[in-house]
Amino acid sequence: MIEILDPADLPRARATGALVAGILQTLKGRSSVGTNLLDIDRWAEAMIVEAGAESCYVDYEPSFGRGPFGHYICTSVNDAVLHGKPFDYTLAEGDLLSLDLAVSLGGVVADSAISFIVGGAEEPASLAMIDATERALSAGIAAARPGARIGDLSHAIGSVLSAAGYPISTEFGGHGVGSTMHQDPHVPNTGRPGRGYTLRPGLLLALEPWIMADTATLYTDADGWTLRSATGCRTAHSEHTIAITDDGAEILTRPRSAAGPGR
Ligand code: MG
Ligand code: MG
């Protein structure tokens, strides 16, 4: 199903996006050496409840996960890249942490993910991966406008990731957003321009480039949810929800003080 947002509802979509962006930035600020992933989950729950929003995750029970997720945020560390289920793990200096959050507020969902290094460590290889996903996300957003095709966005995203030297998996990617979290159209992280659904004003899309340093193969952790790199290599993930507007795209989940995607 593809939902098109009524222009009158755009303020509600903006409010959800601002909430998601604000929660992610707050959690990034609190995620330091010694922070437990279960604390991050509890903080996310408290902020979602405080805002009168609903978690898209806690009762989520899709075909690719085992039973209800049972948590409020995805916390993916190092070799974990997607759907990281929070568990009793204490963050260490230099960990590469991805936080992925989707909530519903006023009947509209927003979905966003950020990746960053815990502590003050400067690890060029990890920073390069994060940078590649953020640049790919920016390229996908820049290609999004009425009349563009999904393949144009996929091609823009995939071109950046490929040029940076990373393998690309099409197993999971971006998606339509609306009154629920995962809708059509699917937005693969690589593709051919000029193909696929034609974008129109009011369409909400979550674009989410993710990469693993040296493999395109995932495996599912024993927890039934967390997807990890098959080789144990590090990974990164960046995601924004955008609204297609009359003349381009508006990033709904951009942090207020941001210089770029996810920052
Ligand atoms: Mg997400
Ligand atoms: Mg998503």
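Residues are numbered from 1 along each chain as its sequence is written, with chains lettered from A and ligands numbered from 1 in the order in which they are written. Because the model is predicted, local features need pLDDT of at least 70 and side-chain atom pairs count only at pLDDT 80 or more, while totals for chains, interfaces and linings use all residues; side-chain values use heavy atoms, leaving out hydrogens and water.

The magnesium ion (ligand 1) is held by two OD contacts listed for Asp 100, by Asp 111 (OD) and by Glu 239 (OE), at 2.0 to 2.6 Å. Donors here are N, O and S atoms within 2.8 Å of the metal (3.2 Å for Na, K and Ca); water is not among the atoms, so sites may look incomplete. Along the chain, the donor residues of this ion follow the pattern D-x10-D-x127-E. Asp 100 sits in strand S4 (residues 96-105) and Asp 111 in strand S5 (residues 108-117), eleven residues apart; strands are DSSP runs (E, at least two residues), numbered from the N terminus. Both aspartates, Asp 100 and Asp 111, are buried, that is, under 20% relative accessible area with a 1.4 Å probe and protein chains only.

Glu 208 counts as buried at 8% relative accessibility, as does Glu 239 at 1%. The two magnesium ions, ligand 1 and ligand 2, are 3.2 Å apart, and Asp 111 coordinates both.

Methods:
Helix = DSSP H or I, 4+ residues; strand = E, 2+ residues; numbered from the N terminus. Buried < 20%, exposed > 50% of the residue type's maximum accessible area, 1.4 Å probe, protein only.
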